[in-house]
Each structure stands twice: as C-alpha cells, then as structure tokens.
Amino acid sequence: MVQGPVQAPNLTSTTVLSKLSNPWDMAFLPDGTMFFTEKCKGLSARLPSGAVNRLLGMKDAQGYATAANDLFCEGQAGMAGVAVDPNFASNRFIYVYSTSSMSSPATNRVMRFTVSADGKQLADRKDIVTEIPYKLAASDLPFGGPGAHNGGRLRFGPSDGFLYVTTGDTHNGEVPQSPTRIGGKVLRIDREGKAAAGNNPPQGFDSRIYTYGHRNPQGITFRPGTNQPFTAENGPWHSDEVTALVPGGNGGWDPRPNTNGRGDCPASYCGYSPNQMGAMDNKERSAFMSMTDLRTYPGAMKPAWNNDGLSQGMSSGTFLSGKQWKDWDGKMVVSFMGIGIHGTPVGNRLDILDISTDGLSARRSTVSLPMPAGRFRSVVQGPDGNLYVATDEGEIYRMAPT
Ligand SMILES: [Ca+2]
C-alpha cells in the first residue's frame, strides 16, 4: 500500500449541549433529532430546533415524561447505550441499555420502546435482554466499586440489521469465557432479543453470543464497505484494544487463575495481575495477563491496535465516512477518557486509526482538538456528516471538518 502523509481536515467545534450529567451515548434520526442518555438521569431527545424532550427518567430523576424507577446508576453503571431502529420510520422503536433492579440481584437490561408520533413520550417497554451481569457490592471483589466493567454500547449492524450489545466482565473471572453468562461478550440479536442467525458461537454457548472473551468493550462500530464490526475495549493498566470481530470469535480475555503462575489472585480475578504484585513494565504485564491470551487460545482474535501497550480508558469508536473528512474518510476514531495511573501518561484525546485491510494492524494519528480536552466518552457521526463527541464533564460537541 502506498501511503503519503495523512491530510487531516481542519476542524471546528460547536457546543451542542452542556451541563449534562455524564452523557453516555447518542443516536440520531435522519432529520437531526439526537437521542442521548445521561448515566444517572435517563433518555432525552434534542430536536433540530434545539428544544430538549425528557423522555425516560431513572430512579429519582425529575421532569421526565415517563418514570422507570427500577433503573439506577452506581459507579460505572447506569443508563448507557442508545440505538434507533433501522426501520424507525415505520416502527418508531428505540433501544436503551441500563442497569435495573427489577430482578434480584440487579442486572443490566436492553429495553425497547416505541416513541410517540409527537416525539414526547415512550410506550410499550419490552425488555429484550434481561440478565446481563452487573457487578454488585464492592466487597464481592477487591478491585473497584459496584457497577465496574459494565459494557453498554448498542449499535445496529448497517448490513445485517441486527443489534450488537457490548457487555463487561464485571470483575468476575468466570464470566468472559463462560458459555452461558453473557458478560464479557458482544451479543447479536434481533429486535425481539432473539439470537441472530449466523452468530456461530462454540457448541453449548448461548446462541445470542457473537463474540466472547472480552474485558470491558464500550465501543463497537462497522467498517464502511465490508461492514465488519470492530470493538474498542478498555485494558487492565495496559493494552487498550481495537479488534476486528468474526462470528463466534474469542477475544482471548480470561482473567481466571491458571497454571501460568496466576494461582493466587484475589477473589479468583487475575484481571489486574500482576499490577499488585510489584513493578513490571507493560510488556511484562501483557505477557502475564494478556488482553488476548494467544498462549491459551491460539485461535483468538488478534487486535488491530493495542494503544501502544497503554491503558488510557478507551471508551468508544466510530468509523468516519464522507469526503469532507479528507484522509480520515473510512478511518476509525477512538475516544479516550484519559485515565492515568501508576505512571501511565494521561491521554484525554481522540485518535484516528488507519486500519489495514486484514484488520491486524493500524497506524495512529492524534486529533488536534478544536475543543478543550475532556474525558471523552462517546463519538458518533451524525446524519449531517459531523462528529458528535460526549464528555464525562457534561458536554456534547459537534466537531465539523472545514
Ligand atoms: Ca482481546
């Protein structure tokens, strides 16, 4: 492949919404209506006029048309992904991922609603996935708090019309490789929550599982042209990963104790080993507790990119499309929350990945931001072709190439 210097577009930014409470995800209608979630509040819609309709309120949230008191937030968990049905024009279906206390113990659910003709109400709640694991009390496991590693992105495949759901390992060593527990997975389902044809997981696996062996994927996007899904996944003090998925594939994350010296992990979760075992560099850490354990699983899906061996809170990703993006047309944007711990450089940024045709390598460039750096949670290309970026600080920006 002949490659010249990357011609980056000039960028401007506009603040679309501010002072939100942890905006987590956005989904658009063709007319520019933007549905957005706030982790501890609920689901709203910003109309093209700029007016905001508050649609679905979580426990203790005020001012929403519909209350859902079983939906709650805790730690990283709460209301997360949102997706609009590809046939929205005829069925008016919208989907959200949220933590819920409807079952005991609490779980994450994928819910489907019908949006009223005037866009102000939701009706016909149907919980199409009810048992996605949620991390309970902090005392269950020594790392992090309740709600950790909660996954939560929802996206429809552009060619197959199925809904993809990313789920986290919840700091439970058994979950990612489990054939029946649906955390640490990418699920692929239809609008009723039934398994998509062709998921092809190993025999004995839940048929909704598209890929397994994930840690905490919070991003999923589809490459223009091939429509192959790619995940963006947060690593354990090393190695955030972007991975091209294949049906039935294993992401190779298995944080259980094993015979390679990981036998003494707290609560049988080795996902942070050997971080707590003394000084090692990222290469040694990766060899000990790999994001993609090719020694145990030689057939695992290899990442296209591992953030140069660093973990900096990779949170989402989307492929850009359109000539206005110049050399970024067809490239993937990934967002980072910028976590910097134990010597890892903080990286609140957006990167552009030029991923090879085989999906096994990538060249990275970093976006020169037209807005302040923040904890970037979500990137979504809108129907106007611009990139919408949500931050944990509470903004949604529109980033436009000029
Ligand atoms: Ca992996």
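## From one valine to the whole chain

In this predicted model, Val165 makes contact with Tyr97, Val110, Val129, Leu154, Val186, Leu187 and Ile189, once neighbours within four places in sequence are set aside. Val165 counts as buried because 30 C-beta neighbours lie inside 10 Å, where 20 or more are needed for that class. Val165 belongs to strand β12, which covers residues 163-166. Asn227 lies 62 residues from Val165 in sequence, and their C-alpha atoms are 16 Å apart in space.

Strand β12 is part of an open sheet of five strands, ordered β11-β12-β13-β14-β18, in which the pairing is mixed. The edges are taken by β11 (154-156) and β18, each of which has a single partner strand, so one side of each is left without a neighbour in the sheet. Within the sheet, β12 and β13 run antiparallel and are joined by four bridges. On β13, Ile189 is the residue that stands opposite Leu163. In a regular strand, side chains alternate between the two faces of the sheet.

The loop between β12 and β13 (185-189) holds Thr170. The phi of Thr170 is near 50°, a positive value in a residue other than glycine. Thr170 is buried, because 29 other C-beta atoms lie within 10 Å.

A second pair of strands is β7 and β8, which run antiparallel and are joined by four bridges. In this pairing, Ala83 stands opposite Tyr95 in β8. Strand β7 spans residues 79-84, and five of its six residues are buried, so β7 is largely enclosed by the rest of the structure. Val82 touches Asp25, Ala27, Phe35, Thr37, Leu43, Ile94, Tyr95, Val96 and Leu154, with residues up to four places away in sequence not counted.

Val82 and Val165 come together again in the description of the nonpolar core. The largest such core has 85 residues, and the members that touch the most others are Met26, Phe35, Val82, Tyr95, Val165 and Val242.

The loop between β8 (93-100) and β9 (107-115) includes Pro105. The peptide bond from Ser104 to Pro105 is cis, with omega near 0°. The loop between β18 (249-250) and α2 (282-288) includes Ala267. Ala267 is not a glycine, yet its phi is positive, at about 55°.

The view can now widen to the whole chain. Its secondary structure consists of two helices and 26 strands. The radius of gyration is 20 Å, close to the 21 Å that the globule rule gives for 402 residues, so the chain is as compact as a globular protein of that length. The C-alpha trace spans about 60 × 55 × 40 Å along its principal axes. Of the 402 residues in the chain, 50% are buried. Among contacts between residues at least 6 apart in sequence, 57% join residues at least 24 apart.

Note on methods:
Residues are numbered from 1 along each chain as its sequence is written. This is a predicted model: local features need pLDDT of at least 70, side-chain atom pairs count only at pLDDT 80 or more; totals for chains, interfaces and linings use all residues. The radius of gyration is taken over C-alpha atoms; the globule rule is 2.2 Å times the number of residues to the power 0.38. A residue is buried if 20 or more other C-beta atoms lie within 10 Å of its own, exposed if 12 or fewer, and partly exposed in between; C-beta atoms are placed from the backbone. Two residues are in contact if their C-beta atoms, placed from the backbone, lie within 7 Å. A nonpolar core is a set of buried Ala, Val, Leu, Ile, Met, Phe, Trp, Tyr and Cys residues joined through C-beta atoms within 7 Å. Two strands pair if DSSP finds at least two bridges between them.
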